[in-house]
Amino acid sequence: MNLSNKNGSAANIGSKTGMIFPALLSIALLGILFSVPQPATHVNQPFKVELLLSLVLMIFFAAMPRTTKPYFRTDDKLLKIIVFSIGSFVLWSGISTVWGASCGAVVHHTLLWAVYLIFFLIFTSREWPGANLRFITATFVLVTLILGFLCIFDYLTVVDFVSSEGNIRIRYCKYAELLVTISPLLWAAAIYTRKRRQKLLALLIAVLSWLPVMLSLSKGAFIAGIIGFTVFFIGCFIFSARLFRKRIVAFAGIWLTVTVATQVFFSFFSTVPSTTNYITGAADQTRNTSTMRLFTWSVARQMTADHWLIGVGADNFGIAFNRERIPYREKHPDDPKEEIAEDYIVERAHNEPLQILSELGIVGLALFSLPLLAFAHYFLKSLFTGRRISPVLWAAAAGMAAFLVSSQFSSFSFRSAQNGVVFFMVFAVAVNELSKAFRRSKTKANGIVFSRQVILSCWIAILLLAAFCVTKVFAEYHAYQAERSKPLVSATDHFRSAIIAD
């Protein structure tokens with residue numbers, strides 16, 4: 001496997017930075033793990049990871065050599081379709097400010113997806129270090145090490161799991177989708193490693209990337225991970241080169257052993273329940289989360305029926321939810337018999353395609369689906385034409401599949417910046433590997449070439465997101481000070497400043 005695709009400016013930046021950019025990106029992705037003073041009342045859209053990502057991108061673009069190319073170019077049809085579709089989705093999201101109740105929510109969603117597109121462009125570029133698979137792998141390894149050791153430490157130091165369950169589950173469920181997306185790639189890296197010591201180290205990191213998914217106790221992520229790894233191992237065994245088959249069988253056996261052993265240990269030899277206990281209902285007989293999801297999906301379908309063409313506006317699901325409960329209750333007076341979640345705002349649908357459909361209508365869902373359908377078309381075409389598919393491509397496809405399966409039940413998905421960025425990093429790996437299979441000439445690169453105009457557009461999006469996040473920081477600071485101000489006048493002034501900034 002070629003893990004060092006260096007050329008031109010990529011080699012120039014890579015030689016100067018080493019592990020700096022992967023380390024910075026890892027810190028940005030893990031930003032919400034580290035607590036900072038904040039008000040008791042949550043009053044903003046998410047902004048911590050978004051702010052850190054925008055700062056990382058600023059540093060990256062500042063370090064990138066200047067280009068003199070006057071245009072944006074790619075010879076890859078699949079890349080053209082994906083970039084056009086995501087760009088159109090970003091534009092459609094921004095247009096929804098016209099009908100969305102909250103312009104701030106629309107702006108947040110639009111700028112976040114613009115950043116997703118920028119990351120995808122970076123990691124499919126011919127010239128930037130993002131095209132270097134070693135850069136992506138290094139980032140994923142750092143993220144895995146931090147998350148894995150923190151998760152193990154939390155479990156080893158927990159005294160009363162019942163009282164700590166909520167914090168542990170919320171903390172690591174936010175990263176479960178990220179881990180099921182990157183884990184197959186880390187297992188593929190271990191399969192490629194030849195030296196015994198390095199292979200053992202790579203295998204331990206791969207296991208560590210899967211362990212927190214199981215310890216997060218997320219039912220959706222666990223099932224999605226099983227599906228993803230099934231696709232990975234079976235796909236590699238059947239469609240990859242024969243020289244990998246023995247290693248694939250061996251690693252599949254290790255993965256299965258680790259998975260079963262973890263579930264058995266926590267089911268029978270620990271006071272902490274296993275993920276399978278939650279799936280079977282042994283650890284959660286109330287099924288409150290499942291009931292809540294079913295009700296949310298029902299109201300979301302009502303929202304979709306009322307706004308099927310253009311939706312209610314990007315990221316405006318929470319604002320429109322309570323309004324849509326009224327017609328839903330009128331049409332279904334006994335479903336459910338008792339009112340659910342009447343004391344708080346339901347922000348997310350726990351189903352990404354359904355939420356996009358309800359927020360941006362048929363148009364938005366079509367633009368969201370087109371890149372995935374285009375990739376699936378080219379991927380299946382590669383299978384049917386008898387081309388050998390590398391374990392790296394299978395790993396990337398399996399990670400994407402696991403993410404999309406989890407997105408059918410998760411409230412995070414693309415709504416959490418760290419998950420979306422990692423998905424598009426893996427998507428870029430998949431597109432790069434798939435493009436190699438259709439490349440006519442081994443020397444011909446099909447990646448993206450950037451123009452000055454495109455780089456300028458990226459700068460504008462990054463600066464706008466940074467400015468948006470800074471206003472949120474300012475608002476949160478004043479809300480925090482207001483809660484701690486004893487004089488009423490001082491508290492009022494702080495709250496007024498927070499409202500103005502927000």
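Where do Asp493 and Arg496 lie, and how many residues apart are they? Both lie in helix 18 (residues 488-501). They are three residues apart, about one turn of the helix. The views below come from a predicted model.

View 1. Asp493 is partly exposed, at 40% relative accessibility. Arg496 is partly exposed too, with a relative accessible area of 46%.

**View 2. Arg415 forms a salt bridge with Asp315.** Their closest N and O atoms are 3.2 Å apart. Arg415 lies in the loop between helix 15 and helix 16 (417-438), and Asp315 in the loop between helix 12 (288-306) and helix 13 (317-331), so the pair ties together parts that are 100 residues apart in sequence. Arg415 has a relative accessible area of 6%, under the 20% cut-off, so this residue counts as buried. Asp315, at 23%, is partly exposed.

**View 3. Arg415 also forms a salt bridge with Glu352.** Here the closest N and O atoms are 3.2 Å apart. This pair, too, links distant parts of the chain. Arg415 sits in the loop between helix 15 and helix 16, while Glu352 belongs to helix 14 (residues 352-384). The two residues are 63 residues apart. Both Arg415 and Glu352 are buried.

**View 4. Salt bridges link four residues in a network.** The members are Asp315, Glu352, Glu359 and Arg415. Arg415 pairs with Asp315 and with Glu352. In the model, the count of salt bridges comes to seven.

**View 5. Confidence is lowest in helix 1 and highest in helix 15.** Helix 1 (residues 8-17) has a mean pLDDT of 44. Helix 15 (residues 391-406) reaches 96. The protein averages a pLDDT of 86, and 88% of the residues score at least 70.

**View 6. Over residues 1-16, pLDDT stays under 50.** How many contacts beyond four places in sequence does the model have for residues 1-16? The model has 28 such contacts for this stretch. Where pLDDT is low, the predicted coordinates should not be read in detail.

Technical notes: Residues numbered from 1 in each chain as written. Predicted model: local features only at pLDDT ≥ 70, side-chain atom pairs only at ≥ 80, totals over all residues. Heavy atoms only, no water. pLDDT = per-residue confidence, 0-100. Helix = DSSP H or I, 4+ residues; strand = E, 2+ residues; numbered from the N terminus. Contact = heavy atoms within 4.5 Å. Salt bridge = Lys/Arg side-chain N within 4 Å of Asp/Glu carboxyl O. Buried < 20%, exposed > 50% of the residue type's maximum accessible area, 1.4 Å probe, protein only.
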